[in-house]
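Here are my notes after a pass through the model, as numbered points. Have the viewer open while you read.

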Amino acid sequence: MSGNQPLIIVGDSPIAEVAYEYIEHDSDYSVEAFSVEEEYLDQQELFDVPVIPFETISQHYPPSEYDMFVAVGYKKMNRLRERLYEEAKKKGYDLISYVSSQAFVWDNVELGENCFIFEENVIQPFVNIGDNVTLWSNNHIGHHSTIGDHCFVASEVVVSGFVTIGDNCFLGVNATLADDLSIAPDNLIGAGATILSDTEK
C-alpha cells in the first residue's frame with residue numbers, strides 16, 4: 001500500500017532494501033529515491049528507483065518536498081547511522097519513523113525520529129525511545145523503560161521494567177535485561193547475555 005508522501009531512503013544495503021519493502025507496503029510513504037555517499041555509489045537504480053549521491057541529494061529532492069529515512073545498520077556501534085542522521089538533519093530534512101502495523105505500541109509511548117520498529121515488538125506503557133533507534137522483530141520493551149539515541153536492538157530481546165539504556169548501545173539476539181537497572185552508553189550486550197546489574201560505559 002504505497003502512499004502519497006514522498007520519501008528518500010539513505011542507504012542501499014540489505015537493511016535499506018528491507019526498509020523499502022516495509023515502507024512501500026505498510027506506510028503512507030512512497031520511496032522516490034535512495035541515497036548513498038558518492039564514494040560508495042556503485043549502482044544507479046535499486047528496485048527501479050534512482051540512487052542519488054548523498055552530497056547532492058537536496059539539489060534533486062529538496063527537503064521542502066521530501067522526507068528522509070536513514071536505513072543503516074549498527075556499524076561502529078551505530079556511529080555511521082548517527083552521522084548520516086545528523087547530516088540529513090543539517091540538510092533540512094524531516095526524519096520519519098517507521099512502526100510496523102503488526103507492532104504493539106502503547107499510546108503513551110514516546111518515540112523519537114528515524115526509528116525503525118519491526119513487527120511483533122511489544123512496547124509497554126510509559127516507555128521512552130530516543131532518536132535513530134532500531135528495534136528488530138519480536139522484542140519486549142517493559143514499562144517505564146528508556147532507550148537512548150542511536151541504539152540497535154536485535155530480535156527476541158527482553159527489556160524488563162524500569163530499565164535505562166544509554167546512547168549508542170547494541171543488544172544482541174535473545175539478550176535479557178532484568179528490571180530496574182541501567183545500561184551505560186556504548187555497551188555491546190552479546191547474544192544470549194543476561195544482565196542482572198548496572199553496567200559501566
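1. Start with V36: setting aside neighbours within four places in sequence, V36 is in contact with G11, D12, L41, V51, I52, P53, F54 and E55. This is a predicted model, so keep that in mind for everything below. V36 sits in strand β2, and because its relative accessible area is 7%, under the 20% cut-off, V36 counts as buried.

2. Next, helix α3, which runs over residues 75–90 and has 16 residues. From first C-alpha to last, α3 reaches 21 Å, close to the 22 Å expected at 1.5 Å a residue. Just past the end of α3, G92 takes a positive phi of about 100 degrees.

3. Which residues of α3 are buried? They are N78, R81, L84, Y85 and A88. The cover over these buried residues includes strands β1 (5–10), β5 (67–70), β12 (134–135) and β15 (152–153).

4. N78 is in helix α3, and it counts as buried because its relative accessibility is 0%. Leaving out residues up to four places away in sequence, N78 touches G73, H150, C151, F152, N168 and C169.

5. Where is I96, and is it buried or exposed? I96 is in the loop between α3 and β6 (98–99). Its relative accessibility is 8%, so I96 counts as buried. Beyond residues up to four places away in sequence, I96 touches L7, Y29, D67, M68, F69, E113, N114 and C115. The C-alpha atoms of I96 and N139 are separated by 21 Å, and these residues are 43 apart along the chain.

6. In soluble globular proteins, nonpolar side chains tend to be buried together. Here the largest nonpolar core has 25 residues, and L135, I165 and L171 touch the most other members. Another core, of 20 residues, lies apart from that one, and L7, Y20, F34 and F69 are among its members. Back in the largest core, I165 touches T146, I147, G148, C151, V159, L171, L177 and I183, not counting residues up to four places away in sequence.

7. How many cavities of 30 Å³ or more does the structure hold? There is one, and the largest cavity has a volume of about 30 Å³. Its lining is I15, F69, V70, A71, V72, R81, N114, F116 and T134. By class, that lining has six nonpolar, two polar and one charged residues. R81 is in this lining and is also one of the buried residues of α3.

8. Last, the open space. The largest pocket has a volume of about 520 Å³. Its lining has 18 residues, of which Y40, V72, K75, L80 and L84 lie nearest the centre. Which element gives the largest share of that lining? Helix α3 does, with six residues; β2 and α3 each supply at least two. By class, the pocket lining has eight nonpolar, four polar and six charged residues.

How values were computed:
Residues numbered from 1 in each chain as written. Predicted model: local features only at pLDDT ≥ 70, side-chain atom pairs only at ≥ 80, totals over all residues. Heavy atoms only, no water. Helix = DSSP H or I, 4+ residues; strand = E, 2+ residues; numbered from the N terminus. Expected span 1.5 Å × (residues − 1). Buried < 20%, exposed > 50% of the residue type's maximum accessible area, 1.4 Å probe, protein only. Contact = heavy atoms within 4.5 Å. Core = buried A, V, L, I, M, F, W, Y, C linked by side-chain atoms within 4.5 Å. 1 Å grid on protein atoms, 1.4 Å probe; cavity = no way out; pocket = protein on both sides within 12 Å on 5 of 7 lines; lining within 4 Å. Points joined across faces, edges and corners; volume = space filled by probe spheres on them. Nonpolar A, V, L, I, M, F, W, Y, C, P; charged D, E, K, R; others polar.
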